[in-house]
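Please read it alongside the sequence and the coordinates.

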Amino acid sequence: MKQIYLLLTLSLIIGIGALLSTRFIEPPLGEGDSAIHIFNWGEYIDPDLLDQFTEETGIRVVYETFDSNEAMLVKINQGGTSYDLAIPSEYMVEKMQERDMLIEIDHEQLPNLEHIGEQFLGLDFDPENKYSVPYFWGTVGVLFHPDKTDLDFTEWDMLWDESLRNEILLVDSAREVMGFSLNSMGESLNETDPDKLDAAFQKLVELAPNIRGVVGDEIMQMMINNESIAAVIWSGSARDVMWENEELDYVVPEGGSNLWFDTFVIPETANNIDGAHQFINFMLDPENAAQNADYVGYSTPNDAGLLLLDESEQEDTRFYPTDAQQETLEVYKNLGLENLGIYNELFLKFKMNLE
Amino acid sequence: MKLTGRLFLIIMLIVLYLPIFYLAYYSFNSAGTMNEFESFTFDYYLSVFQDSRLMVILMNTISVALISSVVATIVGICGALSLYFLKSSKIRASLLNINNIMIVSPDVIIGASFLILFTFLGISLGSVSVILAHIAFSIPIVVLMILPKLYEMNTSLLDAARDLGATPSLILSRVVLPQIKPGILAGFFMALTYSLDDFAVSFFVTGSGFSVLSVEIYAMARQGISLEINAISTMIFLIVLTIVLIYYFLSTRKTVKRGDLS
Amino acid sequence: MRRLLFIPYIVWMGIFVIIPIGLLVGFSFFDIEDNLTFSNYREFFSWSYLQMSISSFWYAFLITAFTLLVCYPLALIIKQLKLKMFWLFIIILPTWINILLKTYAFIGIFSREGLVNNLAAQLGLPELQLLFSDVAFVIVGVYIFIPFMLLPLFNSINSIDQSMISAAQDLGATRMQVIRKVIFPLSIEGVKAGVQVVFIPALSLFMITRLIAGNKVVTLGTAIEQQFLTAENWGMGSTIGVFLILFMMIIMLFTRTKSKTIGVGRL
């Protein structure tokens with residue numbers, strides 16, 4: 001029995017010791033300390049910028065991470081932590097705003113907002129940018145291995161080609177998958193007509209033999225390892241993959257696709273609203289935006305920042321599409337819970353049709 | 001037969017450790033990814049120690065696991081004993097059912113309901129909520145590990161002790177607890193295992209800047225997991241392995257001295 | 001004394017089990033627009049969900065059966081070793097490395113240009129399509145559950161009186177006979193406990209259905225996760241959860257311990 005008492009006591013002491021030791025590694029916030037709580041995707045910001053921000057303003061950054069928009073929503077909604085700043089995707093901004101979870105952003109405190117390209121402001125999900133400021137943006141397209149297929153994926157329909165048996169990876173997301181099926185039929189990816197949605201679903205079922213798997217973020221590692229010839233994927237992820245595997249190419253098919261944004265928002269629970277504004281403005285500074293884009297690899301909406309990046313990057317129309325290309329892209333509209341339910345249900349049925 | 005047995009054990013160990021060696025191998029890959037080994041580097045190990053955020057998260061993870069396992073073990077012992085001494089087998093069966101619900105519930109449900117629970121009770125998210133949650137989901141497995149040991153206990157031992165005039169607390173500490181020691185140990189280690197393995201529950205109940213390793217790892221998935229995580233895992237693994245080997249070494253020496261081969 | 005022991009356990013049960021179950025059952029009667037309804041239950045009996053339940057049960061059965069098949073001999077072998085606790089610990093240790101990381105390693109091991117296919121190529125075998133197959137799903141499932149099955153099994157096998165086994169052997173029983181006629185019946189409680197801690201969690205496995213099976217296997221757990229985290233339909237997610245709890249109770253009923261030796265002790 002002595003062994004057990006010893007084991008338990010020792011464990012408790014080491015455990016409490018470890019907990020206390022964190023106070024020395026990173027001193028806890030005192031009463032007078034100014035800090036902002038940021039809730040962001042993992043590895044989605046250059047950590048050097050966080051340090052630099054603290055140096056410049058004296059505001060400490062407490063940084064927490066989430067792995068999906070929906071999980072973030074649950075956490076913020078329950079209000080256990082007062083996050084001062086979060087970085088959801090655009091469709092989530094609309095949802096949060098509908099639920100009165102966001103605070104209006106004071107543009108006067110954001111002189112650097114002028115650096116954001118005009119085409120990224122005033123979009124449907126937040127017409128006056130009252131609640132959100134774009135952080136990164138991108139498209140949905142096909143990442144593929146040009147040496148292993150003759151197809152160039154300028155049309156969505158090429159995914160249905162018989163040469164791709166068991167060779168396509170899809171992202172595990174209802175809107176994206178239903179969206180490209182709708183686009184391939186010349187419909188909008190914001191379609192709500194049940195017949196058209198059902199037709200899109202039927203078309204997806206025909207795609208089933210070509211599907212190697214429907215996966216989440218692991219799709220990146222799999223494409224790096226040449227696990228399949230083609231993948232339907234977000235441009236940001238495609239970009240990351242292409243850094244590791246230079247044989248791959250990315251294209252946005254012509255039939256239309258999705259234009260997405262990740263944006264800064266200030267949740268209603270925020271304590272340090274001034275600090276949050278300062279941070280947004282800091283990140284909007286062209287040099288910082290460029291440094292961050294260089295680290296993260298996604299497309300920056302910061303026009304002045306973009307000019308500071310390598311020229312080869314600025315002119316890469318795969319990730320910075322021309323205005324004409326952008327014409328064909330659509331931002332997701334909030335279709336309401338009921339319609340989204342139909343999307344989710346059809347997508348689940350599609351997955352159950354995979355063999 | 002003995003040889004095939006040993007062979008089977010060795011094969012199983014290889015299979016069980018294969019993914020871990022795989023992770024450890026790539027933690028030395030200078031290419032920064034888990035494919036195509038480029039050249040050997042210690043960079044990721046060094047950067048773990050320079051990254052104070054990661055160090056804090058590592059310490060948090062260790063302390064949550066240890067503290068929650070100790071408390072869960074103690075409550076679990078109480079639980080197993082009270083179930084064992086219950087007279088009504090009907091009540092026992094239903095209590096045991098409730099106990100098992102926690103083990104079999106999907107993590108997402110547990111996590112989401114704990115989040116609601118904590119906000120309802122006004123417990124702010126942070127170290128306390130995470131430790132409480134981990135204690136909560138570890139208790140049932142401890143109970144389940146100890147209970148069979150109690151059933152195997154010879155009840156005449158208890159009667160004998162009582163006849164000899166031992167008080168209940170004396171019976172408990174001198175007769176019962178020593179009998180169920182292996183169950184307690186197993187329960188403690190399973191609690192540690194559950195705690196270190198958990199992601200979903202932790203995600204929902206972390207907050208106020210307090211985070212644990214698994215939450216960090218999952219959040220990294222979108223951008224690709226950095227090899228520092230491989231490095232941390234390899235280190236944790238080696239440290240624990242060393243402790244176990246030392247234990248092994250000490251106990252073999254002891255047994256040889258005593259000439260006791262059990 | 002007994003009361004004192006009971007208090008912490010009951011308090012835990014009340015706060016962390018009963019209340020959450022109450023919440024779960026409560027949510028299950030609300031649809032996505034917060035209307036009180038039975039529609040979630042109707043939905044659960046629709047063809048899609050029945051199909052999903054059947055396939056979940058099938059895979060959970062396979063995983064449990066193979067885990068048992070692997071762990072039983074393992075437990076027997078460990079029983080015969082010196083320093084059993086040490087070996088047991090060595091087997092549990094890999095569980096301490098985060099499951100997502102290990103799954104990533106498995107993706108690397110099973111992938112087209114991965115470890116297994118490299119080995120196969122060297123042996124002149126054709127390329128195997130392991131990743132995104134149900135075989136891979138079952139293998140990883142078994143891998144995950146080995147420690148959870150092994151512990152209760154070992155606990156009960158280890159407590160079998162060695163003299164029983166010796167007696168059987170002295171009476172001329174073969175090795176297999178000893179295992180079948182003596183050891184197995186005496187360890188049946190451990191088998192039941194092992195099945196309990198593996199089967200239902202196997203029904204609700206979620207992450208590896210996506211990572212290893214590419215969503216070609218859709219389990220109830222996947223559906224719950226989707227309903228909670230993607231569709232935000234907590235009502236439907238809770239309903240599936242309620243059914244999982246019901247399934248669990250049924251399984252507990254089937255693997256119930258005969259209450260003859262229990263509850264005789266008194267403090």
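This is a predicted model: local features need pLDDT of at least 70, side-chain atom pairs count only at pLDDT 80 or more; totals for chains, interfaces and linings use all residues.

## Chains C and B

Read from the N terminus, the elements of chain C run α-α-α-α-α-α-α-α-α-α-α-α-α, in keeping with a count of 13 helices and zero strands for chain C. Chain B follows the pattern α-α-α-α-α-α-α-α-α-α-α-α along its sequence, with 12 helices and zero strands. As for overall dimensions, the C-alpha trace of chain C spans about 70 × 65 × 30 Å along its principal axes, while the C-alpha atoms of chain B fill a box of roughly 70 × 55 × 30 Å, again taken along the principal axes.

## Annotated spans

For chain C, an unreviewed UniProt entry carries the annotation "domain: ABC transmembrane type-1" over residues 53–255. In the model, that stretch of chain C is 76% helix and 0% strand, and its end C-alpha atoms are 21 Å apart. The unreviewed entry also assigns the feature "transmembrane region" to residues 7–30, 57–78, 85–110, 130–154, 193–213 and 233–254 of chain C. For chain B, UniProt (unreviewed entry) places the feature "transmembrane region" at residues 7–28, 54–86, 98–125, 131–151, 199–219 and 231–250.

| Span | Helix | Strand | End C-alpha atoms apart |
|---|---|---|---|
| Residues 130–154 of chain C | 84% helix | 0% strand | 31 Å |
| Residues 193–213 of chain C | 76% helix | 0% strand | 28 Å |
| Residues 131–151 of chain B | 100% helix | 0% strand | 31 Å |
| Residues 199–219 of chain B | 62% helix | 0% strand | 11 Å |

Two packed helices are described by the angle between their axes and the distance between the axes. In chain C, the axes of helix H3 (residues 47–80) and helix H7 (residues 134–158) come within 7 Å and cross at roughly 45°. H3(C) and H7(C) are therefore oblique to each other, and H3(C) passes H7(C) in a right-handed crossing. By class, the contact of H3(C) with H7(C) has 22 nonpolar, three polar and one charged residues.

In chain B, helix H3 (residues 52–85) and helix H9 (residues 181–197) pack at an angle of about 140°, with their axes 9 Å apart. Because angles count as roughly antiparallel when over 145 degrees, H3(B) and H9(B) are described as oblique to each other. Their crossing, that of H3(B) and H9(B), is right-handed. On the side of H3(B), the residues that take part are B:Val64, B:Ala65, B:Ser68, B:Ser69, B:Ala72, B:Thr73, B:Gly76 and B:Ile77, and they meet B:Ile184, B:Gly187, B:Phe188, B:Ala191, B:Leu192, B:Ser195 and B:Leu196 in H9(B). These residues of the contact of H3(B) with H9(B) divide into nine nonpolar, six polar and no charged.

## Strand pairing in chain A

## Contacts between chains

The contact of chain B with chain C takes 78 residues from chain B and 76 residues from chain C. On the side of chain B that touches chain C, the largest share, 12 residues, comes from helix H1 (residues 2–26) of chain B. That side of chain B divides into 57 nonpolar, 16 polar and five charged residues.

The contact between chain A and chain B takes 39 residues from chain A and 44 residues from chain B. Elements of chain A that give two or more residues to this side include helix H1 (2–25), strand E1 (35–41), strand E2 (60–66) and helix H3 (69–78). The largest share of the side of chain A that touches chain B, 13 residues, comes from H1(A). By class, this side of chain A has 18 nonpolar, 14 polar and seven charged residues.

Terms used
Residues are numbered from 1 along each chain as its sequence is written. Chains are lettered from A and ligands numbered from 1 in the order in which they are written. UniProt positions are given in the numbering used here, feature names are shortened, and annotations may be inferred rather than shown by experiment. Helices (H or I, at least four residues) and strands (E, at least two) are DSSP runs, numbered from the N terminus. Two residues are in contact if their C-beta atoms, placed from the backbone, lie within 7 Å. Ala, Val, Leu, Ile, Met, Phe, Trp, Tyr, Cys and Pro count as nonpolar, Asp, Glu, Lys and Arg as charged, and the others, Gly among them, as polar. Axes are lines fitted to C-alpha atoms, for helices over the stretch in contact, and angles run from 0 to 180 degrees between N-to-C directions. Angles under 35 degrees count as roughly parallel, over 145 as roughly antiparallel, 65 to 115 as roughly perpendicular and the rest as oblique. A crossing is left-handed if the near helix is turned anticlockwise from the far one by less than a right angle, and right-handed if clockwise.
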